[in-house]
Amino acid sequence: MWRALASRRGWRAQVTAFGLGMLAVLALPPLHIIPALFLAIPGLLAMIGGAASWGAAFWLGLAWGFGFFAGGLYWITSAILTDVARYWWLVPIAVPALALPLGLFAAIPTAIAWAARPGWPRLLVFAGGFVGFELLRGEILTGFPWNLMGTVWAFDALPIQMAALIGVHGLSLITLTVAATPILDRRAFLGGLAVVAFCGAFGFARLWAPEPEPQPVGLLIVQGNIAQEVKWREESRVPILRRYVEATRDAAVAALRDLPAGHRLAVIWPETAVPFLLPNDPEARRLVAGALPQNALLLTGTVRGDFTPGGYAQDLFNSLAVISPTTQVLATADKVNLVPFGEFMPFRGLLPIRLVQSTRDFTAAEERRRIVAGWLPPFVGLICYEVIFTGRVTPAQRPAWIVNVTNDAWFGITAGPWQHLAAARLRAVEEGLPLARAAQTGVSAVFDARGRLVARGPLGESAVIRALLPAPRAPTIYAYLGLILPLGLALAVFAFGWILSARNQR
């Protein structure tokens, strides 16, 4: 089979590489069909071996990456369809326009690997280079570390425990190396399976330790299930506010009644849950606070503005606010990582693309802060896709838990919300912190500090999720070292591959 793949030329080779990239998508959330990688990765390496030049290998890698990112990000089209009358022309081009440049992050390491000797040298150069460019993808321009290869294991807590040591990029390195072994021989393949078994045993041992008592805080996550296309219509504003207030009022009373003595209640609403600027709108805040019992606080995503005395908004922020039953805003935290084309317009004036209803760009916060508000354990607020930025989710002063509020209504009933959820789960393991996630249309969830699922809501339905706030763990090795460790591992594997290649050549 590998020889047949290596012998392909011309457009047939490009189509085959594209198909192998699409095949690798099956391993991503929500399917997690990991055996697909044992054909998709060695298949690409076999085709590299048959390439006549580094340029031919580059085009094969680009076709593979194009298939991988197009298949993994198909749900981007759903965001466009929320306003199809304005952006219909983007439907056939949005996904290719994003997937093609992202494909470069697979094409370049593929071209580099072509220059290494076949066998282990090429495999190691490819795996180390691929992960190196995966790291770069999270940093270049504004960064887009979505669907990292290590997320294929996030279907359960057990196989992702190594992320506490080496992060999701380290998992990517293991995944690529092991998945490529079928191109070598049976012993290499069995060795790769032994590595997977070791990671599983490590995960089992780590999860064996007893879980400490939860923090004295009950969580009530309200998932309103508001469709994106109606959310910002003028006639929808008050009904949406009522939906969240009514869903919260009765549920909060019942939740407090069922909590152990001495516990208090944290109510969490998603990103921009209601179409009001709550920190700036006392009347809307009064209605919201009316749903809160005395021993409860509301953590909600909201837009807020900095206004001049004349009523002009100098800056708009996508924020998370903590609101008390007395309507007081106890704290706010603004989004640091804004979404290009959605929350701000890059290359302003050059590209006529804007997928949000606001005519103004949001302003990014300068730094991520630990939030201290009332009796709440100190936490960090991550808004929307800020949770995908591994190694960059916590401030220097460590919080006791992570709150992720998001509006995945943009992505409909697709793989997108599940991919987002998998990334959030990995952040809990990497940082050793519990994570509570409120998503407008799902998937809302609570994970403990080792990534175990405590509670989860459905996708595409209204829901109220109750749980106790799990306890934090001691900082993990990854929490201390961050991206330095997986970067060092990727460089070491890459360099070792070249050393083996030079020895084999001699």
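Let's start at Cys384, which sits in the loop between β6 and β7 (401–406). Helices here are DSSP runs of H or I with at least four residues, strands are runs of E with at least two, and both are numbered from the N terminus. The phi angle of Cys384 is near 60°, a positive value in a residue other than glycine. Cys384 counts as buried because its relative accessibility is 10%; the cut-offs are under 20% relative accessible area for buried, over 50% for exposed, and in between for partly exposed, using a 1.4 Å probe and protein chains only.

Before going on, keep in mind that this is a predicted model, where local features need pLDDT of at least 70 and side-chain atom pairs count only at pLDDT 80 or more, while totals for chains, interfaces and linings use all residues. Residues are numbered from 1 along each chain as its sequence is written, and side-chain values use heavy atoms, with hydrogens and water left out.

Back to the backbone. Most residues other than glycine have a negative phi, and most peptide bonds are trans. Thr272 has a positive phi too, near 40°. You'll find Thr272 in the loop between β2 (264–269) and α13 (282–289), and it is buried, as its relative accessibility is 9%. As for cis peptide bonds, one joins Pro29 and Pro30, with omega about 5°. Pro30 belongs to the loop between α2 (10–24) and α3 (37–50). Another cis bond links Gly442 to Val443, with omega about 15°, and Val443 is in the loop between β8 (435–439) and β9 (445–447).

Now for the rings. The structure has 15 aromatic pairs. Rings of Phe, Tyr and Trp (for Trp, the six-membered ring) pair if their centres lie within 6.5 Å; planes under 30 degrees apart are stacked, over 60 edge-to-face, and the rest tilted. Why is the pair of Phe204 and Trp208 called tilted? The planes of these two rings are at 40°, with the centres 5.6 Å apart. Phe204 and Trp208 are about one helical turn from each other, because they are four residues apart in helix α10 (residues 186–208). Trp208 is exposed, at 67% relative accessible area.

Compare that with Phe494 and Trp498, an edge-to-face pair with 6.2 Å from centre to centre and 75° between the planes. This pair lies in helix α16 (residues 484–505), again four residues apart, or about one turn of the helix. Phe494 is partly exposed at 23% relative accessible area, and Trp498 is partly exposed as well, at 29%. Elsewhere, Trp64, Phe68, Phe69, Phe126 and Phe130 make up one aromatic cluster.

Some rings have a charge over them, meaning that NZ of Lys or CZ of Arg is within 6 Å of the ring centre and within 35 degrees of the ring normal. Arg237 has its charged end over the ring of Phe276, 4.2 Å from the centre. Likewise, the charged end of Arg304 is over the ring of Phe317, 4.3 Å from the centre.

Next, the inside. A nonpolar core is a set of buried Ala, Val, Leu, Ile, Met, Phe, Trp, Tyr and Cys residues joined through side-chain atoms within 4.5 Å. Which residues touch the most other members of the largest nonpolar core? Out of 121 residues, they are Trp64, Ile268, Leu299 and Trp401. Setting aside neighbours within four places in sequence, Trp401 is in contact (heavy atoms within 4.5 Å) with residues including Leu219, Ile268, Leu299, Phe379 and Leu469. A second, separate core has 26 residues, among them Val288, Leu292, Ala296 and Ile323.

Trp153 is in the loop between α8 (120–137) and α9 (163–180). With a relative accessible area of 17%, Trp153 is buried. Apart from neighbours within four places in sequence, Trp153 is in contact with Ile34, Pro159, Ile160, Thr175 and Val196.

Finally, look at Glu367, in the loop between β5 (329–334) and β6 (379–383). Is Glu367 exposed or buried? Glu367 is exposed, because its relative accessibility is 56%. The C-alpha atoms of Glu367 and Pro395 are 8.1 Å apart, although 28 residues separate the two along the chain.
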